[in-house]
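Thanks for making the time this morning.

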Amino acid sequence: MSAAALPPARILYEDEHVVVVHRPGVSAFSLVTFGGVGQRPAGMSIWAQRPVDALGLDAVGFLGKRSNWYPAASVHRAAVAVREVLRDGAIGYGYSMGGYAALKYGRLLGLRAVLAAAPQISIDPADMPRDLRYHRFFDPGLHAGMRVDGGDLCDLAVILADPYFRLDRMHADAPGLGAAVRHVWLPYRRHGAIQPLLGSRVVGRVLDLLRAGDVAGIRALIRARRRGSREWYEAVATAAMQRGRIAQAQALWARAAELGASPAVIDRQRERAEQDRDRMPVIRWQPAARRRMAGRVQAAARAEDWQRVTRTAARLSPLPEIPRLAQAATNAALSLGSREALAEATSLAIGAELPRATRFVVAERLAATGHGLESIAVLLADPAIAGDREAQARAAPILARAQRDATLSWPWQALAGALQRRLMGGADDAHDRPPPEPSPHAFARPASKPGPPGRHWVGAAPRLSPHVVEEFRATLSAPHVQLAGSVAPSVVLLRDVYVNARGQVWGRDGRLHRSLGRPIAEASLAAMAAAPDLPEAALGVEPHGNFYHWVIDTLTSLAWRLDPGPEGMPVLLREDAPAYVRESLDIAAGAPVPTAEAGAAVLVRRLHLGDRGLRHLAPRGAHATLLGRFAEAARREAVPAAERLYISRRDSGIRRMLNEEEIEAVFAERGFVCTTFGGQPLLRQIGLLRGAQVIAGPHGAGFAHLLFCDPGRQVFELLPATLGHLDLRACFATLSRVCGHRHGIWLAPFNQTFGDWRVPAKPAAAALDRFLAGRAGT
Amino acid sequence: MGDRTAVASEVGDILDLVPHAGPAPERGAPAPAASRAPAAAPARSPAAMAERAVADGTAETVRETATRLIRMEIAPGARIASARVFARAGRGEEALAVLLADPATFGSPVAAVVLDHVVQIQGLPRPVAALAWHLRRRLREEARRRKAAAAP
């Protein structure tokens with residue numbers, strides 16, 4: 001029969017609940033469609049009319065006049081008329097409420113097969129007490145015995161459903177449906193399981209496969225289409241976002257956009273998905289469950305099971321009651337070296353409402369490990385940073401560090417530079433400051449030549465990633481290590497400058513001369529007006545309160561002043577300088593040294609600054625006299641010597657070694673005397689090191705005393721392989737190089753989430769033996 | 001001691017070569033030496049500069065203009081307007097970099113007009129897209145909070 005000769009559509013049956021329309025077509029079989037909750041009768045329209053018309057199908061359409069789940073009495077009455085017009089091999093098709101009807105009435109209508117997308121098997125609260133979606137539509141008068149059971153089904157009932165959508169799954173999997181039911185699972189579609197069937201051609205092909213009973217063919221068809229389906233990408237992106245896989249979701253939405261998805265639609269989907277993500281744990285998880293998950297993250301991070309940390313973190317929103325989640329996820333990703341995990345961890349940190357200190361820690365770590373863009377994104381994701389001076393001071397050095405990432409693209413390089421300068425309170429011009437004036441004072445230049453540089457030995461714990469070892473070896477080959485001690489120090493003079501307890505130096509006009517990477521504090525700027533006025537001083541402020549930085553950077557930078565130097569010129573110190581500062585000044589000068597204090601601000605008319613740092617360190621040159629005084633003073637102390645010395649850090653709360661007792665035992669077995677330096681007089685500490693031939697211990701400021709030792713010592717340093725900052729951890733190896741010691745480094749894993757580490761005893765002992773025997777490192 | 005220039009290079013690690021603190025140049029005041037060259041170009045508003053760069057379309061011009069806008073001291077409104085030009089032209093990274101280069105603008109609620117466009121742009125690096133999204137979300141939440149607080 002040609003399409004033109006077809007009889008017009010007509011109503012087969014109508015009552016107060018349903019309308020049934022017959023739209024004759026040219027197909028050899030009939031299709032019975034059942035509308036969903038939202039479709040209402042309108043003339044001769046039926047559900048799925050577009051593919052029906054496009055494919056020329058002979059179709060009978062059921063539509064409910066309300067959301068009434070097609071009451072059985074009405075359908076039974078309509079079935080008589082329907083069966084009369086159906087052609088051989090009729091099949092059924094419905095979605096949601098329509099899917100229910102296709103299942104329920106397939107056998108009644110004499111259908112060969114039905115396709116039910118996201119169907120219910122009942123809305124009776126007694127049948128489905130946990131699916132609250134449709135209970136309000138349940139009417140005991142209409143729906144008695146409505147549940148679908150095996151006897152209702154035709155020979156083949158194909159159910160399309162999302163296996164991960166709990167509410168639809170409980171219907172699709174309901175017991176009692178029997179062998180007639182076959183499933184086609186469509187992950188992440190939630191209740192939108194009809195989506196893959198959009199389009200007349202695909203409907204036609206699926207119906208052909210349904211008639212042929214080829215369920216595997218239906219599965220294969222849908223699977224093959226999903227790569228080109230923007231709806232699939234949208235659905236999976238939404239699911240990814242709801243599960244906290246933010247970066248993955250972004251990538252999937254990007255693909256959906258390439259396939260034509262509207263940016264505005266994606267925007268809305270993302271907003272909803274994100275709300276779902278943030279709400280889901282709160283709704284579904286009881287406090288006990290949250291505590292359990294938090295415990296899992298902590299336990300996995302403690303065990304350094306980074307895969308598990310990454311997996312668990314992906315399931316969690318960054319809830320405030322899950323401490324260290326962002327740090328743990330970041331550390332896990334960095335430890336694994338996985339780009340995907342890093343993308344997820346970064347997205348988590350960007351999206352999380354992190355305490356500000358945590359945000360800085362994560363951003364700093366990313367910057368230190370060469371992930372400049374990720375660092376900037378994490379840092380700037382909190383707009384509150386812009387309005388807080390203290391926060392700006394923390395952010396500036398992170399931006400400076402992020403700029404060192406050579407892979408950072410130009411907009412972000414420019415942004416980081418400009419923003420850092422603005423946070424520092426500076427204008428965008430660094431060129432018109434006059435160069436500093438040379439000081440009339442200078443370091444001594446003894447004629448003796450530097451001795452041969454010390455040698456390095458590197459080993460590592462077995463579990464440690466090879467790239468960490470390589471990174472450390474590269475650090476030891478870097479120019480700042482190789483050139484240490486090679487540049488003669490000099491002294492410069494700054495006139496009419498302010499100095500504060502942070503060691504920052506700035507002019508009356510606000511020009512920064514020495515920033516230490518931070519803007520001048522508000523309190524310092526405010527204190528300028530009433531600042532004490534000093535005619536002259538040598539800069540001796542050590543801002544970190546750290547023994548290493550005091551000895552190696554600051555004290556040595558004052559050698560010109562203490563040698564014996566200009567009489568009466570005070571050394572400017574922090575007002576809260578530790579006791580060892582004044583003590584070591586007096587030892588270095590061989591007499592009490594006048595000092596002055598830098599609080600919020602002090603005005604110095606003539607401020608002298610000596611070169612500082614390992615680059616300028618000359619134990620046999622400019623610093624020889626200073627070091628000689630320490631040696632002499634330590635000799636007078638007559639400290640009992642131990643040939644092998646282990647400097648323990650049990651007295652320190654920083655970088656705590658969890659098994660230091662066990663490690664000390666390893667060293668003690670090899671003749672080491674174990675000692676802590678906390679509370680010991682300075683000269684005794686120096687005396688102990690000077691008396692030892694082999695010095696060992698975990699990385700710590702006690703190794704700064706290597707400066708005071710005669711060349712040729714053997715040093716064995718247990719080094720925490722922190723992520724980033726490995727270059728900084730090479731400081732003692734560099735010091736040994738300048739001082740002519742043989743320096744062994746044994747790298748061991750460090751748990752950055754908790755800030756502690758556990759040194760594997762047996763491999764450490766084996767490495768120590770190799771080092772002591774003079775054999776090569778690993 | 002050597003001459004002043006030699007000393008300056010020798011002590012480079014002591015004295016950070018950071019720019020001077022102090023107020024930004026006033027409008028109409030002569031530009032400092034380093035920024036004199038760009039200032040010699042015909043006077044144009046930042047948004048107009050961005051428009052011209054976007055219309056030109058070459059990567060070099062866009063890069064040069066965006067970098068200038070990032071570094072220039074410009075009023076927050078002008079910064080946001082120029083960032084929006086880049087965003088509307090689909091240049092999300094340039095837009096964000098111009099917007100975020102000044103603390104006065106990246107925490108501003110008005111920044112949302114730029115971010116609204118940036119979040120619609122596909123193909124941005126993941127951290128950039130996430131940053132734009134969450135900044136916008138936070139600015140919106142902040143605006144809602146402010147509105148609720150202002151309500152009688």
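This is a predicted model: local features need pLDDT of at least 70, side-chain atom pairs count only at pLDDT 80 or more; totals for chains, interfaces and linings use all residues.

Residues are numbered from 1 along each chain as its sequence is written, chains are lettered from A and ligands numbered from 1 in the order in which they are written, and side-chain values use heavy atoms, with hydrogens and water left out.

Let me begin with the domains, whose bounds come from an automatic or database domain assignment. Chain A is divided into domain 1 (3-226), domain 2 (232-272), domain 3 (280-423), domain 4 (456-484 + 624-772) and domain 5 (491-610). The centres of domain 1 and domain 2 of chain A, taken over C-alpha atoms, are separated by 30 Å, and 5 residues of domain 1 are in contact (heavy atoms within 4.5 Å) with 7 residues of domain 2. Between these two domains about 610 Å² is buried, 59% of it from carbon and sulfur atoms, where buried area is the accessible area (1.4 Å probe) that two parts lose on being put together, summed over both. On the domain 1 side, A:Y188, A:R189 and A:R226 lose the most area to domain 2, together 80% of what that side buries.

Next, which residues of helix α23 of chain A are buried? In this helix, residues 579-589, they are A:Y580, A:V581, A:S584, A:L585, A:I587, A:A588 and A:A589; buried means under 20% relative accessible area, exposed over 50% and partly exposed in between (1.4 Å probe, protein chains only). Helices (H or I, at least four residues) and strands (E, at least two) are DSSP runs, numbered from the N terminus. The buried residues of α23(A) pack against α22 (547-557), β15 (571-574), β16 (595-598), α24 (624-637) and α26 (682-691) of chain A, and just after the helix A:G590 takes a positive phi of about 75°.

Now to A:S74, which is placed in helix α2 (residues 72-85) of chain A and counts as buried because its relative accessible area is 0%. Its side chain makes a polar contact of 2.6 Å with the side chain of A:D15; such a contact is a pair of N or O atoms within 3.5 Å, where within protein one must be able to donate a hydrogen and the other to accept it, and residues adjacent in sequence count only if both atoms are side-chain atoms. Leaving aside neighbours within four places in sequence, the residues in contact with A:S74 include A:H17. A:H17 itself lies in the loop between β1 (10-14) and β2 (18-23) of chain A, is buried at 9% relative accessible area, and has a side-chain polar contact with the side chain of A:R66 (3.1 Å).

Finally, the rings: the structure holds 21 aromatic pairs over all chains, a pair being rings of Phe, Tyr and Trp (its six-membered ring) with centres within 6.5 Å, and planes under 30 degrees apart counting as stacked, over 60 as edge-to-face and the rest as tilted. One of them joins A:W47 and A:Y93, a tilted pair at 4.9 Å centre to centre with 55° between the planes, and both residues are buried.
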